[in-house]
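Please look through the sequence and the model below before reading on. The paragraphs that follow take the structure one part at a time.

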Amino acid sequence: MTGVGVRRSGNDLLADLDWTVELDERWVVLGPNGAGKTTLLRLAAAEMHPTTGTVELLGERLGRVDVFELRPRIGLASASLAGRIPADETAHDIVRSAGYGVLGSWREQYDPEDDARAAGLLDVMGAAALSGRAYGTFSTGERQRVLLARALMTDPELLLLDEPAAGLDLGGREDLVARLTRLAADPEGPATVMVTHHVEEIPPGCSHALLLRDGRVVAQGLLDDVMTSENLSATFGQPLELASRRGRFTAIRR
Ligand SMILES: Nc1ncnc2c1ncn2[C@@H]1O[C@H](COP(=O)(O)OP(=O)(O)OP(=O)(O)O)[C@@H](O)[C@H]1O
């Protein structure tokens, strides 16, 4: 993204953003409510265009490329996607249909390979038992695991996760962080951008961080350089003390 700004109703949702994610990088985007994180992820998912500046995704310039060709190369798990899934869709259909860029069961002819891949991904996410069950009956943690399996279905080059641990209990969060840690460690894994409000949710293996406040970058770069008490305090607008242990972060108010 070069010189990117997003303006709505006279407000800068994002401004002056220069940001590059390389294919072997794992980014976390951290910031308070309203900082512009979801807006940033929607640009990265080719779901919207910037008001100013340019966005290049996987070698293609937004505005010059057919986004319907681009989107299958990008895996996305977000609350807005979660909210659009019909309650009666099964986990298997939700995951399998990602290959067709649609939600839930369609009238497409699915290959047996699609079925096998969807089943395999549900298994990897610890959600095999949910395969035939309706989405409306899942707990928050179960939904997140199914959404993650769906995001990986197309073997994407770029994986975008918007608050994947939102609403999870402690065990669910730790389970998800462990899965994301394994994913981050896979050298064949996609470039990943994960949005979160909480430093505890950053999986070890994340390489880079972008801190956002009021649509502007507070700091960005290598995780270890960016994740400091000073930067975190500036991002959340209060004096915070950041600590790390075994690759995990915690933060408390000073
Ligand atoms: N169409 C719009 N018109 C005006 N303001 C908007 C519009 N859409 C979003 N905003 C505002 O832009 C800001 C950034 O929104 P965004 O959803 O990107 O933030 P976020 O960092 O993801 O927040 P959260 O952590 O609460 O999900 C918010 O203050 C939001 O109210």
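Which residues are buried in helix 1? The buried residues of this helix are Lys37, Thr39, Leu40, Leu41, Leu43 and Ala44. Helix 1 is thus described as mostly covered, with 6 of its 8 residues buried. Just after helix 1, Ala46 takes a positive phi of about 60 degrees. All of this refers to a predicted model.

The ligand is surrounded by 13 residues, and the closest of them are Arg8, Asn33, Gly34, Thr38 and Thr39. Helix 1 provides the largest share, 3 residues. By class, the shell around the ligand consists of 9 polar, 2 charged and 2 nonpolar residues.

An open sheet is formed by 6 strands in the order 7-8-9-3-10-11, with mixed pairing. Strand 7 (74-77) and strand 11 (216-222) are at the edges; each has a single partner strand, so one side of each is left without a neighbour in the sheet. On average, neighbouring strands of this sheet are turned by 15 degrees against each other, direction ignored.

Strands of a sheet pair through backbone hydrogen bonds, in either the parallel or the antiparallel sense. Strand 3 (residues 26-30) and strand 9 (residues 191-196) pair in the parallel sense, over 5 bridges. Within this pair, Trp27 has Val193 in strand 9 as its bridge partner. Elsewhere on the sheet, helix 6 (residues 140-152) lies across strand 7 and strand 8 (158-162), and helix 6 runs at about 170 degrees to strand 7.

How is the protein divided into domains? Domain 1 covers 22-48 + 158-254, and domain 2 covers 81-156. The C-alpha centres of domain 1 and domain 2 are 25 Å apart. Contacts join 9 residues of domain 1 to 7 residues of domain 2. On the side of domain 1 that touches domain 2, strand 8 and helix 7 (170-185) each supply at least two residues. Helix 7 gives the largest share of that side, 3 residues. The classes on this side of domain 1 are 6 nonpolar, 2 polar and 1 charged residues.

Terms used
Residues numbered from 1 in each chain as written. Predicted model: local features only at pLDDT ≥ 70, side-chain atom pairs only at ≥ 80, totals over all residues. Pairing = 2+ DSSP bridges. Helix = DSSP H or I, 4+ residues; strand = E, 2+ residues; numbered from the N terminus. Axes fitted to C-alpha atoms, helices over the stretch in contact; angles between N-to-C directions. Contact = placed C-beta atoms within 7 Å. Near = placed C-beta within 6 Å. Nonpolar A, V, L, I, M, F, W, Y, C, P; charged D, E, K, R; others polar. Buried ≥ 20, exposed ≤ 12 C-beta atoms within 10 Å, placed from the backbone. Domains from an automatic or database assignment.
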